[in-house]
Amino acid sequence: MASADSAPAVALRDLGRAYGDRVALAGVTLELPRGATLAVFGANGAGKTTLLRVLATLLRPHVGDVAVLGHALPRDGWAVRGRIGLLAHEPLLYRDLSARENLRFHSRLHDVPEARGRELLDTVGMARRADEPVRSLSRGMAQRVAICRALLHQPELLLLDEPLANLDPGAAVAVAPLIGRGPARVLISHDVEQGLAEADLVLGLRRGRPELVAPASSIGAADLKGLYA
Amino acid sequence: MGALVGKDLRVELRTGEAIPAMLLFSVSTFVLFHFALDRRSVEGELAAGVLWVTLLFAAVLGITRLFVAEREQGGFDGFLLAPVDRTSLFVAKAAVLFCFLVAVELAAVPAFAILLLGPTPWDAVPELVAVLLLADLGVAVLGTLVGALGIQTRAREVIVPILALPLMIPLVIAAARATSPLLLEAGAEALPGRWLVVLGLYDLVFGLLAFAVFDFLLED
């Protein structure tokens, strides 16, 4: 058996999760090596966000086996918290605190020097607005701060739900190197061309079930059309 | 834990969503009691009852707000993703609620003395502070537990008082019995130690209970 350090970033076997009677995810099996990118495609309600939340240790899997960075979930969730960066639909920022205060708060939770937050705010072009409350920022600006939050602790696994949503082209260029290749990534995107270009492995979900699990090099955008029909 | 407490106090200083509402509620209730009881002043058991019922209802307002930012702004997720012991959230929230209660009482108790109380309470201030602090600790511990439960439901404004008020009955009995000898017209009597012990036991029991179950409240 592989040690935690050499184990795949994500290993799923027959993963399933339900909300009451409604099955949100079922029968997902795949393995994502370290440093690789998994692109997840599917229509709204296909189970993409549920998958991300299970991998982030925020939801318990109900069926199957889940291992993240070599640790079984939910049993060893404590061992991977702090090694995962989650960029969700919501920015997970306190609206009444400034961008700087939010990052300072998360720096303390993750035991990271505050300078790291300042550095990231500079990189995404938010240094000038960093002292304004998050509620006064546009959605795109809040998204840039949320990217800083997700990357603050240099995670080994990045979970990205539409990371470029609400970003103008300039901001998208600024954040691209930050969320680009390096750590293992699970990327949810509705931009099929862009998602495929970034991916090593593709998972296509339809009503919670995997329709497609394949290397990105073996499929094209046309193969994914059925997921959205 | 310091980060969590600091964050909550900073947000409260900036928004003033909890403490001003709790204080305004307390003062309004004292005024209402003044007219409803049709008395110029109260003392002894009646004074202690009015004071504690008012403070506990005001505390419910704070308890209802305690986890709102965590729920509505993703604070729970942000916290759960960090390599931090989950119990630290409980301790931090209880500390924040305790600070809110103390801040409210710093103004509400003098307001009570001015608006309703017959005897001057100054002789018994140290004893009164001891009772207030012990009771606040119990309210903070129980309130944090109930607030975490209530925030998981859609009807937290209903669930929190329904759960908290019955569980606070032992606390209000002990706090009122401990306080009433301090507020007598004839002058303050000695603080009844056994009611302080009851308050201490209440704090201890709910503290242990909260430590045991709080982790499970954060699970999905």
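## Confidence

Helices (H or I, at least four residues) and strands (E, at least two) are DSSP runs, numbered from the N terminus. The scores of the model are ipTM 0.85 and pTM 0.90.

This is a predicted model, in which local features need pLDDT of at least 70 and side-chain atom pairs count only at pLDDT 80 or more, while totals for chains, interfaces and linings use all residues. Residues are numbered from 1 along each chain as its sequence is written, and chains are lettered from A and ligands numbered from 1 in the order in which they are written.

## A look at Pro210(A)

You will find Pro210(A) in strand S10 (residues 209-215) of chain A. Is Pro210(A) buried or exposed? Pro210(A) is buried because 22 other C-beta atoms lie within 10 Å; the cut-offs are 20 or more for buried, 12 or fewer for exposed, and partly exposed in between, with C-beta atoms placed from the backbone.

## Where the chains touch

Here, 19 residues of chain B are in contact with 23 residues of chain A (contact means C-beta atoms, placed from the backbone, within 7 Å). H1(B) gives the largest share of chain B's side, six residues.

Key. Two residues are in contact if their C-beta atoms, placed from the backbone, lie within 7 Å.
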